[in-house]
Amino acid sequence: MLLPKKEVAGCVLEKIMASSSYSNSPCAACKFLRRKCMPDCIFSPYFPPEEPQKFANVHKIFGASNVSKLLNEVQPHQREDAVNSLAYEAEARIKDPVYGCVGAISVLQRQVIRLQKELDATNADLIRYTCNEMPTTQDGRRIIGEGGGGGGSSLGQSPGYYYPSPWNNDPLGDGYHRGDNI
């Protein structure tokens with residue numbers, strides 16, 4: 001909406017009133033608290049009139065007085081981050097009154113653990129599938145643990161595979177030959 005042109009000291013000024021950039025409406029905090037929004041309002045830069053629920057949630061959990069005190073104590077360059085943190089915590093507290101954002105963090109941590117287990121299981125499956133390319137002994141038995149990966153039962157052994165070990169003294173792996181009887 002264009003307003004009439006005004007001349008000030010020989011300059012022509014046009015005032016353009018956009019929907020949200022220029023308005024005389026109070027910030028969401030002052031509107032919620034039903035008070036006049038002053039030009040030096042501590043809330044107006046962080047609670048625009050387009051986001052009334054943001055302040056309503058923060059006010060419900062922390063109270064306007066506490067938020068005002070906090071914003072006055074915080075450095076101006078840190079206020080936006082402080083308000084965003086308060087708004088996030090307030091929304092989380094409304095959704096989960098007992099745990100708040102800690103509950104959301106716990107859910108995400110459990111999800112990461114579950115996905116890590118799923119990834120580990122998938123990697124184990126990949127190793128099992130690549131076992132077809134494992135090296136074998138002279139009599140055709142597969143050697144697990146050298147270059148081909150692993151896998152198998154809970155004891156680390158799989159039926160039909162030869163697992164060479166330093167303590168079995170069975171160089172052929174057939175259960176009959178000992179190191180001294182070849």
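In this predicted model, pairs between aromatic rings join Phe-32, Phe-43, Phe-47 and Phe-55 into a cluster. The number of aromatic pairs comes to four. In one of these pairs, the ring centres of Phe-43 and Phe-55 are 5.5 Å apart and the ring planes stand at 65 degrees, and because planes over 60 degrees apart count as edge-to-face, the pair is placed in that class. Phe-43 belongs to the loop between H1 and H2, whereas Phe-55 belongs to helix H2, so this pair ties together parts that are twelve residues apart in sequence. Both Phe-43 and Phe-55 are buried. The rings of Phe-47 and Phe-55 form a further pair, with centres 5.2 Å apart and planes at 80 degrees, so that this pair, too, is edge-to-face. The relative accessible area of Phe-47 is 0%, and Phe-47 is therefore buried; for Phe-55 the relative accessible area is 0%, so Phe-55 is likewise buried.

In soluble globular proteins, nonpolar side chains tend to be buried together.

The packing of helices H2 and H3 was examined next. Two packed helices are described by the angle between their axes and the distance between the axes. The axes of H2 and H3 come within 7 Å and cross at roughly 100 degrees. Since angles of 65 to 115 degrees count as roughly perpendicular, H2 and H3 are described as roughly perpendicular to each other. On the side of H2, the contact is made by Phe-55, Val-58, His-59 and Phe-62, while H3 takes part through Ala-64, Asn-66 and Val-67. When these residues are sorted by class, the contact of H2 with H3 has five nonpolar and two polar residues, with no charged residues.

Methods:
Residues numbered from 1 in each chain as written. Predicted model: local features only at pLDDT ≥ 70, side-chain atom pairs only at ≥ 80, totals over all residues. Heavy atoms only, no water. Axes fitted to C-alpha atoms, helices over the stretch in contact; angles between N-to-C directions. Helix = DSSP H or I, 4+ residues; strand = E, 2+ residues; numbered from the N terminus. Parallel < 35°, antiparallel > 145°, perpendicular 65-115°, else oblique. Contact = heavy atoms within 4.5 Å. Nonpolar A, V, L, I, M, F, W, Y, C, P; charged D, E, K, R; others polar. Phe/Tyr/Trp six-rings, centres within 6.5 Å; stacked < 30°, edge-to-face > 60°. Buried < 20%, exposed > 50% of the residue type's maximum accessible area, 1.4 Å probe, protein only.
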